[in-house]
Amino acid sequence: MTVTVRYTCPHCNAMVSLERPPDLADRSVTKVRQPGWEYASPDDPDRESADGIEFVCGEDGPVTDLEGEPVAGCGRPFYLNFVRYEQGVELEPEPPTYGGPRFDFMR
């Protein structure tokens with residue numbers, strides 16, 4: 001069984017739809033890759049075992065606006081990041097690339 005899930009391009013707000021299993025472990029959608037994470041393409045049959053999915057807006061299938069009307073998409077990449085665990089502990093991206101201030105410039 002699968003469900004249709006819609007993700008919003010953070011560059012242009014276009015929506016992309018993807019058939020996924022119902023037990024989702026999505027963390028975030030970002031404009032940049034999480035450092036050290038491996039991404040699959042939307043049509044990869046093993047995409048659920050990757051660290052996330054890399055989309056190219058408008059090139060990985062049809063995209064729509066928020067009302068469902070077809071749009072062209074902007075052609076820029078964006079990334080769906082899954083929740084990752086190591087020995088039962090949820091891993092944070094290093095450095096985090098979603099929300100909040102970053103202080104890694106002090107290193």
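Analyst: Let's begin with a word you will need throughout: a residue is buried if its relative accessible area is under 20%, exposed if over 50%, and partly exposed in between, using a 1.4 Å probe and protein chains only. With that cut-off, buried residues make up 28% of the 107 residues in the chain. The model is a predicted one, so local features need pLDDT of at least 70 and side-chain atom pairs count only at pLDDT 80 or more, while totals for chains, interfaces and linings use all residues. Residues are numbered from 1 along each chain as its sequence is written, and side-chain values use heavy atoms, leaving out hydrogens and water.

Before we zoom in, here is the layout. The chain has ten strands and zero helices, and its pattern along the sequence reads β-β-β-β-β-β-β-β-β-β. (These elements are DSSP runs numbered from the N terminus: helices are H or I with at least four residues, strands are E with at least two.)

Now for the charges. Side chains of opposite charge can pair when their charged atoms come close. Such a pair is called a salt bridge if a side-chain nitrogen of Lys or Arg is within 4 Å of a carboxyl oxygen of Asp or Glu. By that rule, the structure has four salt bridges.

Start with Arg20 and Glu48, whose closest N and O atoms are 2.6 Å apart. These two partners come from distant parts of the chain, 28 residues apart: Arg20 belongs to strand β2 (residues 15–20), while Glu48 sits in the loop between β4 (39–40) and β5 (52–56). Arg20 counts as buried because its relative accessible area is 0%. Glu48 has a relative accessibility of 33%, so this residue is partly exposed.

At a relative accessible area of 13%, Arg47 is buried. Follow the shared partners and you find Arg20, Asp26, Arg47 and Glu48 joined by salt bridges into one network.

Look next at Arg33 and Glu54, whose side chains meet in a salt bridge at 3.2 Å, N to O. Here, too, distant parts of the chain are linked: Arg33 lies in the loop between β3 (26–30) and β4, Glu54 lies in strand β5, and 21 residues separate them. Arg33 is partly exposed because its relative accessibility is 39%. Glu54 is likewise partly exposed, at 25%.

Two strands are said to pair if DSSP finds at least two bridges between them. The strand that carries Glu54, β5, belongs to an open sheet of four strands in the order β3-β8-β5-β4, with mixed pairing. At the edges of that sheet stand β3 and β4; each has a single partner strand, so one side of each has no neighbour in the sheet. Between β4 and β5 there are two bridges, and these strands run parallel. To find the spot by eye, look for Tyr39, which stands opposite Gly52 in β5.

Arg20's strand, β2, is part of another open sheet: four strands in the order β1-β2-β6-β7, with antiparallel pairing. Its edge strands are β1 (3–8) and β7 (70–71), each pairing on one side only. Strand β2 is joined by two bridges to β6 (residues 63–64), and the two run antiparallel.

One more stop shows how the chain meets itself elsewhere. Pro10 lies in the loop between β1 and β2 and is partly exposed at 28% relative accessibility. The C-alpha atoms of Pro10 and Thr30 are separated by 6.8 Å, although the two residues are 20 apart along the chain. Leaving aside residues up to four places away in sequence, Pro10 touches Val29, Thr30, Lys31 and Phe78 (a contact means heavy atoms within 4.5 Å). Over the chain, 53% of the contacts between residues at least 6 apart in sequence join residues at least 24 apart.
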